[in-house]
Each structure stands twice: as C-alpha cells, then as structure tokens.
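Hi,

Here is the structure I said I would pass on.

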Amino acid sequence: MTRPRVHIVDDDPDIRDGLAWLFDSRGFQSATWDGGLSFLEAARALQGDWGQAVVLLDMRMTPLSGSVTFEQLKTLGCPWPVLFLTGHGDVGTAVAAVKQGAWDFLEKPFQDNELVDRVQQALAAANAAQQTDSEIQRLRQALASLSPREHEVLDELIRGHYNKNIADHLGITPRTVEFHRANIFEKMGVDSAVELAHKLGRLQPMA
C-alpha cells in the first residue's frame, strides 16, 4: 500500500527539513517545496492522478502567498486537504481560507503530535469523501443501465408495492416482475427494496 504523501510548502528551509523529518519518522512520505510556484507546477504535472495526500501550506511566502497558492490549487480541481501554517498575524487570513475550503490551520509554534493528528484526520476525511463520491458515481451508472421496463418496476418497488400489484399496474405477469426485480437488485447491488430506497435516497441531494 502506498504511504500517504505530505506536501510541505514553505520558503524557510529549516521548517521544511524539520517537518519532512517529522512526517518521514511517522510513516508518511514527505515532499518539500520552497514555494507555491514549484509546488503548483508539480501538481499540474499530475494531470488529475492525485492519490492520497495532504498539503501543509505556509501562509506567508513570496512571490506567491499561501492564499494565492491555495486558490490556484483549487482551480486545478485538486482534492488534497490543505492545512495552513500561520503566524499570529495571519490568523484572520487563515480563517478566511478555511471558509473557502481549506481543511484547517495551525498557528506557529505548534506541537508535533497535534500537527500529525490533524494531518491524519484530514486524510481520513478525504478518504471518506472519496469513497462516498465513488459509491454515488457507481449508483448513477447502475441506474443509467436499467432498461425502460426496469425503471417502471423500480418506481413501483420504491413505493412499497408488491409484485402482484406491480404486475397488475404494468400489465405483465408476476413472474416477469420477479425477473425484472432480480435484475434491478443485481445491477444496483442491493438485497431488498428497503436497501434500494436507501441507496436511491443518497442520490437525491446530488440530482
């Protein structure tokens, strides 16, 4: 299994080296960048093959500040959680960045264990979100694969109707309903009409 990567973006070499040592010693794979320009160039080169990673981004850098780097990273569609490292005077800017989608921020000086904990939490949340997105995508594809008749049977099933009622309503035999029902359950990856309704309910907010 590939170790999660921690991208450390800071123009202070001592901080970069110290954080790289910390995360390497905790089982992460660290990558260091001396500023936003080099980091963004590397992100663009990935062409969307993101993998698992967290970004530790210093707020006060030149020529690209942490805020500007973050904005440009978002335009790439990058899903990596961003954790800002801030000085006391940058807290307001960091709070604004969190409102714009950054994961969190830590004010310097911070405890090593606290930083590692935040990174692990960010990775866990990003992984859960990715799994949810994948499941919703799978459900959408499964729904699109249903035939017109299967869609009709599906609509009846999630209303709680029994096979005989569905057969009468659609003008087909109960055996045919059972056949379509089995196909629907297999395609949607469910074992019951109740489970089917729950899965379809997950798609509603996304519609």
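Helices (H or I, at least four residues) and strands (E, at least two) are DSSP runs, numbered from the N terminus.

Before the rest, some housekeeping: this is a predicted model, where local features need pLDDT of at least 70 and side-chain atom pairs count only at pLDDT 80 or more, while totals for chains, interfaces and linings use all residues. Residues are numbered from 1 along each chain as its sequence is written, and side-chain values use heavy atoms, with hydrogens and water left out.

Back to helix 2: its buried residues are Gly36, Phe39, Leu40 and Ala43. Looking down the helix axis, these fall within an arc of 95°, so they line one face; the arc is that of the directions from the helix axis to the C-beta atoms. Among what covers the buried residues of helix 2 are strand 1 (5–9), strand 2 (29–33), strand 3 (53–58) and helix 3, with contact meaning heavy atoms within 4.5 Å.

Helix 2 (residues 36–45) packs against helix 3 (residues 66–75) at an angle of about 10°, their axes 10 Å apart. Axes are lines fitted to C-alpha atoms, for helices over the stretch in contact, and angles run from 0 to 180 degrees between N-to-C directions. The two helices are therefore roughly parallel to each other (angles under 35 degrees; over 145 is roughly antiparallel, 65 to 115 roughly perpendicular and the rest oblique). Helix 2 brings Gly36, Phe39, Leu40, Ala43 and Arg44 to the contact, and helix 3 brings Thr69, Gln72 and Leu73.

Just after helix 2, Gln47 takes a positive phi of about 55°.

Now the cores. The largest nonpolar core has 22 residues, and Val55, Leu57, Leu73 and Phe84 have the most contacts inside it. Such a core is a set of buried Ala, Val, Leu, Ile, Met, Phe, Trp, Tyr and Cys residues joined through side-chain atoms within 4.5 Å. Strand 2, helix 2, strand 3, helix 3, strand 4 (82–86) and helix 4 (91–99) each supply at least two of its residues.

Lastly, Gln131 lies in helix 5 (residues 112–144) and, at 53% relative accessibility, counts as exposed.

Cheers

Definitions and conventions. Buried means under 20% relative accessible area, exposed over 50%, partly exposed in between (1.4 Å probe, protein chains only).
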